[in-house]
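Colleague: Please take a close look at one loop and the backbone around it. Then place that loop in the wider fold, with every cut-off spelled out.

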Amino acid sequence: MPYQVNPDHGYLEFRDGGGSAADVQEITTDDGAPPVLPSAGNVNILGGEGIDVTGQGPGDTVTISGEDASTINKGVAYFDPTAFTVTNGFVEIIGGTANCSVDVDANTAPGTDPVVSNAGTIIMTGAQVASGVIGANVIRTDSLAANTITIEIQRSTTAAAGDSTKNGVSHFDSANFGVSADGFVTLANDAVLTLTGDDLVAVSPTAGNINVLGGAGVTTSGAGSNLTIDLTGAGSFTTGSVIFWGSSSFDQDNANFFYDNTNNRVGIGTNVPLDTLHVVGAMELDHTATENDDHALEMVVNANGFSDVKALDIDYITGAMGVGQDEEAILVNIDESASTGGIIAGYLVLTTSEGSATVNGYETGVNINPIVQQSGTFGNADYIRNKAVDVTAALASGGAGAITAFVADNDTFTIGEPASFDELEVILTTPASGAGIAPTFEYSTGAATFATFIPADGTNGFRNTGSILWDSSTLAGWVAAASGNFEIRITRTRNTLATSPVLDEIQVAATTEFKWDKNGDVNINSLSLVVPLTVPNGGTGVATLTDHGIMLGSGAGAVTVTAAPTNGQLLIGSTGVDPVLGSLTSTGGSVTITPGAGTINLEVAASNDAVLTVTGDSGGALSPTAGNLNVYGLSGSKTSGSGSTLTVKSPPYADASASATSSLNTGEFVTGAYTRTLPASAGLADGDLIEYVCISASALVIQSVGAQKIRVGSLISAAAGTLTSTAIGDSVSLRFRASDGFWYATSVVGVWLVA
C-alpha cells in the first residue's frame, strides 16, 4: 500500500512519504454523504459519540470500536435477558410492557408506596391541600389510590412571624391587592390607606403593611379579611359581664359586678339589680372640694307631678338592738377644728316663695322624739392612759399632742372622769389607715371589770377627727374603776393596720339632755320669742307685765294685769267680772286686822276663841284647845315657834362634828371623818328623811342598823351596811320605806361607795 495510518494522529498518509494526492482519489462513507477528499495526502478518520478510532502504526491498521454505554455517555450496551429480548438487533421488553415502580413522599390507603404501574401506566394528578399539611417543602408526591400519584401543593396562610411551614399557593382579594402579568403583588390604593386608632393619630402603611398589635392583656389575629382582637386570659364572657382588669388579664365577676341589659340596670354586689343602680354592701365616698359651691354628692330629682316621690329613701332595720347600743340612720360628723368663723348647717332646707305647697323642713311620725339635744361643754379629761402610759397632760387643750395610739392589735386607750360623762372629742394629727382600728368600747363596772357598749362613733374607727357620743344613763352599773374614775376603755381589734392614728387632743363632756319628745312635751333651758306667745299656745299674749301686778285670765285673749297691790291688799273675786284688789275688814270688830308689807296680822279677841278653826290639807277643820294649836313637822320637816312666829323647815340643817346617831328629818353638815348612824326602823314612817353633806376631804360613813339596807340606784348595801364618801362637797338624801326597811337615795352628788 502506498499509504499508512499515522500512529500519532489516526489519519492516513503516504508510506514513507511516497505517493501523491493522485494515488488517493476519495473515500466514500455509507451514510450517503459526499465523498471525503484527501488534503495534502491525508484523510482524517475520527470517532463520533460512542465510537473509538485507534491507529496501530506504524502499520496499515485502523481499529474502529464502540464504547460501553453508561448513565452519562452514549455507547454500546447489552440487555438483561429477564427484562428484554433482542431479535435481529431489535430490542423488545419481555411481556410487551415496562414493569416499573415510583417512590412517593406520602401515601394513604388504598394508595401505596412505592406506586407501581398498571399495564405500564402510572396516573399522575395534581391537587391543593390545606396550609400546614405538607410543611416547609410546600409540594409533595402522595399516593391516594392504587397506581396513582398526586402531586400536592399546600395553600398558604397567615402567621405572626416568618414560618416556612405556612408557605403555599394563594390568590388575592382584588379589592385590596393588584397582581401584575409577571405575578408581582401590590396593595391596592397603598398611598391613601390610613388606619385611625383610639388616640386619633392616623396610621399609614409601610410597604403596604400596617401592624395591628395588642397592648396589655390584648392579642390580635387575622383570618381572611377579619381582624380578631382577643382579651388575654379572660376566657369566654357571659351575658351581662362587666369586664375589668384582673391581676394579669381582663376578668369578670358577675356575682358582684353585673349589667342587666334587658332592664338597663347595674348591680354591684348582686347579679339581680332591682333599679338603675343597685348596690349590696357598704359604700364610701371620699371627696376633696376643688371650688366654691362644690358637691360631693348631688341628686337632681324631678317629681314630675307624681306623689310620694323620695329623693332619698332609707329603709333602716335595727335588728336585735339592746340597751347600751347606739345606732344612727344618718350620722353627720363635722370637723371644725381648723375653722376661725363662719356658719355650718348640719341640715339646711330651702324653698321658693312661689307655689302653694306646704313645705316642712322636718317632719316625724308617731312614736318619734323629734329633737334630743345633749348640752354641755368640752373640757380636759381627768385621766387618760395610752395602754399603761399616762398621756393626760399631752392630750389636754394646749398640750404637746403627738400621741401614737393603737400601735398593735388589742392595744387599749382609757379615759376617766370623777363622774359619769357622755361624749368624747377626738382630734387627730394622723388618721388611721384603711378601714380604721375596728374599735370596741367598754365602761368600768368595778375596780377591774368592764362591760361593752356601742356608742355613736363620729371618728369612723379613728379615721377622722370627730366626736364619740353615748347616753350614760343607759350604761347599767357604770361605776368608778381602781383609778377612782368612771372609765371608758377603747380597744383596737384590727389585726393589720398600715398606719396607726396619732392623737393631738382628747376632750370630754358631761351633758344635760333637752328634748322635744314623742308626746309633744318640750324640755328646754330657756325660750326667747320676738312675738309674745298667745294664750292658746301657752303664752300670755302680751309683751310686758305691770311690775308687781297680778295676771288675770281673759279666755283665749291676752291676759290683763292688775295694778301693784299695796300693803295687805288681796285679790278679791266678784261673780262674772274680773277680781279686784281689796283689803280685809272685820265688820263686827271681832278680828283686828293689821296690814303690812307682805303681811296681814289678824288678832282674835279671847271672847271669840271658841269659834276659831284652822283647815289643813287633809283631815278636816282643826279647832284650838284652850286657845292652842299644835303644829308638828313629819317626813323631812320640822317646825318651831317663837312669839307669834311659826317656822317650818324642810329639813333643818346643823353641823355634825362627831360620830353619833342622826336625828330624823334633819340635814347634817358633817365636818370630819365621822360615822353617822341612821335611826332604828321602829317608829319610822314612809318618807322620813335625813340628808348628809360632806364638807371635808375626810371619810364620811353612813351606817345603817339592824336589817336596814341602803339603796343607791341599782346598788344595794348589805344589811347594816354602809355608804361612804371621801370627797368634799358630796351629798346624799335618804328617805325611809317602812315596807322593806330600805333607805333610798333620792338625790346623789359625787361618788358614794356602797358596802
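Modeller: Pro-114 sits in the loop between E9 and E10. Strands here (E, at least two residues) and helices (H or I, at least four) are DSSP runs, numbered from the N terminus. The peptide bond leading from Asp-113 into Pro-114 is cis, with omega near 5°. Pro-110 occupies the loop between E9 and strand E10 (115-116) too. A cis bond joins Ala-109 to Pro-110, and omega there is about 15°. For background, most peptide bonds are trans.

Some ground rules come next. This is a predicted model, in which local features need pLDDT of at least 70 and side-chain atom pairs count only at pLDDT 80 or more, while totals for chains, interfaces and linings use all residues. Numbering runs from 1 along each chain as its sequence is written, and side-chain values use heavy atoms, with hydrogens and water left out.

Now the sheet that involves E9. It is open, with 4 strands in the order E9-E12-E13-E11 and mixed pairing. Two strands count as paired if DSSP finds at least two bridges between them. Strand E9 (106-107) and strand E11 (123-129) are the edges. Each has a single partner strand, so one side of each has no neighbour in the sheet. E11 pairs with strand E13 (residues 148-154) in the parallel sense, over 7 bridges. Within that pair, Val-129 has Gln-154 in E13 as its bridge partner. In general, strands of a sheet pair through backbone hydrogen bonds, either parallel or antiparallel.

Further along, a second open sheet also has mixed pairing. Its 7 strands follow the order E50-E52-E54-E59-E60-E56-E57. Strand E50 (653-656) and strand E57 (715-716) are its edge strands, and each pairs on one side only. Inside this sheet, strand E56 (residues 709-712) runs parallel to strand E60 (residues 742-749), joined by 3 bridges. Arg-711 stands opposite Tyr-744 of E60.

For an antiparallel case, take strand E40 (residues 551-554) and strand E41 (residues 557-561), which share 3 bridges. Met-551 has Val-561 in E41 as its bridge partner. The two strands form a hairpin with 2 residues between them, and Gly-555 in the turn has a positive phi of about 65°.

Positive phi also turns up away from glycine. Most residues other than glycine have a negative phi. Asn-264 has a phi near 55°, and lies in the loop between strand E22 (257-260) and strand E23 (265-268). Asn-264 is partly exposed, at 46% relative accessible area. Asn-460 has a positive phi of about 55°, in the loop between strand E34 (456-457) and strand E35 (466-469). Asn-460 is partly exposed as well, at 37%. The classes are buried under 20% relative accessible area, exposed over 50%, and partly exposed in between (1.4 Å probe, protein chains only).

Next, packing. A nonpolar core is a set of buried Ala, Val, Leu, Ile, Met, Phe, Trp, Tyr and Cys residues joined through side-chain atoms within 4.5 Å. The largest one holds 32 residues. Phe-413, Ile-415, Leu-424, Phe-462, Trp-470 and Ile-506 have the most contacts inside it. Strands E30 (412-417), E31 (423-430), E32 (439-444), E36 (486-492) and E37 (502-509) each give two or more residues to this core. Apart from it lies another core, of 18 residues, including Cys-694 and Trp-752.

Contact means heavy atoms within 4.5 Å. Leaving out residues up to four places away in sequence, Phe-413 touches a list that includes Ile-384, Val-391, Leu-395, Phe-406, Ile-490 and Leu-503. Thr-414 lies in strand E30 and is buried, at 8% relative accessible area. With that sequence exclusion, Thr-414 touches Tyr-383, Ile-384, Arg-385, Glu-487, Ile-488 and Arg-489.

Last, the chain as a whole. Its secondary structure comes to 0 helices and 61 strands. Of its 755 residues, 24% count as buried. Among contacts with a separation of 6 or more, 48% join residues 24 or more positions apart. The accessible surface is about 48,100 Å², with 53% belonging to carbon and sulfur atoms. These areas come from the Shrake-Rupley method with a 1.4 Å probe; for residues, only the protein chains shown count as cover.
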